[in-house]
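Colleague: I have a model open and want to go through it with you. Can we take the fold, the sheets and the aromatic rings in turn?

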Amino acid sequence: MSWKRVCKVTDVPENGLRMFTVDGVALVIANYGSGFRAIPPLCPHMEEPLEESGVIADCALTCTKHLWSWDLSSLAMLGETERPLKTYEVKLENDDVLAFIDKELVYEFEDEDDMADDDFFGKT
Ligand code: FES
């Protein structure tokens, strides 16, 4: 894949987050005032949809579910945040926001079924 037009600059208000789908890849565009970020739509903590759970203030994106937070300018993790934010490269062309989508970025979440397959009684 390559650079893809995602939306107009004016489609995402300052300190806003909006979800878009480009060629079957869902992503959220975040406008933090001095720039834009393109990120996967789910919080890397527990899969909350960031378009709804995320708020942006002072360049920081915070998921309101458990307050994980990232500096959108430097991508530094803030406070108790334990996982970095994945991002697609972004550039502006005229009034458009473009993202470089090579492959869909996803987080690995712990599978709640991992406790199965206890072989305690299976050994002979
Ligand atoms: S789900 Fe986002 S901080 Fe926990």
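What follows is a short exchange on this predicted model.

Colleague: How many helices and strands does the chain have, and in what order do the elements run?

Modeller: The chain has one helix and ten strands. Read from the N terminus, the order is β-β-β-β-α-β-β-β-β-β-β.

Colleague: What share of the residues counts as buried?

Modeller: The chain has 124 residues. It exposes about 7,900 Å², with carbon and sulfur atoms supplying 47% of that area. The share of residues that count as buried is 38%.

Colleague: Of the contacts with a separation of 6 or more, what share joins residues 24 or more positions apart?

Modeller: Take the contacts in the chain with a separation of 6 or more. Residues 24 or more positions apart account for 43%.

Colleague: Is Cys-43 buried or exposed? And how many disulfides are there?

Modeller: Buried means under 20% relative accessible area. Cys-43 has 2%, so Cys-43 is buried. Cys-7, at 6%, is buried too. As for disulfides, the structure holds zero.

Colleague: Are the faces of strand β4 covered or open?

Modeller: Strand β4 spans residues 36-39. On one side, Phe-36 and Ala-38 are buried. On the other, Arg-37 and Ile-39 are buried. Both faces are covered.

Colleague: Which strands stand at the edges of the open sheet of four strands?

Modeller: The sheet has the order β5-β6-β7-β8, with antiparallel pairing. An edge strand here has a single partner, so one side of it is left without a neighbour in the sheet. The edges are β5 (54-57) and β8 (77-78).

Colleague: What is the bridge partner of Ser-69 in β8?

Modeller: Strand β7, residues 69-71, pairs with β8 in the antiparallel sense over two bridges. In β8, the partner of Ser-69 is Leu-78.

Colleague: Which charged residue sits over the ring of Trp-3?

Modeller: Trp-3 counts as partly exposed, at 28% relative accessibility. Phe-100 also counts as partly exposed, at 30%. A charged end sits over the ring of Trp-3, 4.5 Å from its centre, and belongs to Lys-91.

Colleague: How do the rings of Tyr-107 and Phe-109 pair?

Modeller: Their centres lie 6.3 Å apart. Planes over 60 degrees apart count as edge-to-face. Here the angle is 65 degrees, so the pair is edge-to-face.

Colleague: And which residue lies over the face of Phe-109?

Modeller: Tyr-107 counts as buried, at 9% relative accessibility. Phe-109 counts as partly exposed, at 25%. At 5.9 Å from the ring centre of Phe-109, the residue over its face is Arg-83.

Definitions and conventions. Residues are numbered from 1 along each chain as its sequence is written. This is a predicted model: local features need pLDDT of at least 70, side-chain atom pairs count only at pLDDT 80 or more; totals for chains, interfaces and linings use all residues. Side-chain values use heavy atoms; hydrogens and water are left out. A disulfide is a pair of cysteine sulfur atoms within 2.5 Å. Buried means under 20% relative accessible area, exposed over 50%, partly exposed in between (1.4 Å probe, protein chains only). Contact means heavy atoms within 4.5 Å. Accessible areas come from the Shrake-Rupley method with a 1.4 Å probe; for residues, only the protein chains shown count as cover. Rings of Phe, Tyr and Trp (its six-membered ring) pair if their centres lie within 6.5 Å; planes under 30 degrees apart count as stacked, over 60 as edge-to-face and the rest as tilted. A charge sits over a ring if NZ of Lys or CZ of Arg is within 6 Å of the ring centre and within 35 degrees of the ring normal. Two strands pair if DSSP finds at least two bridges between them.
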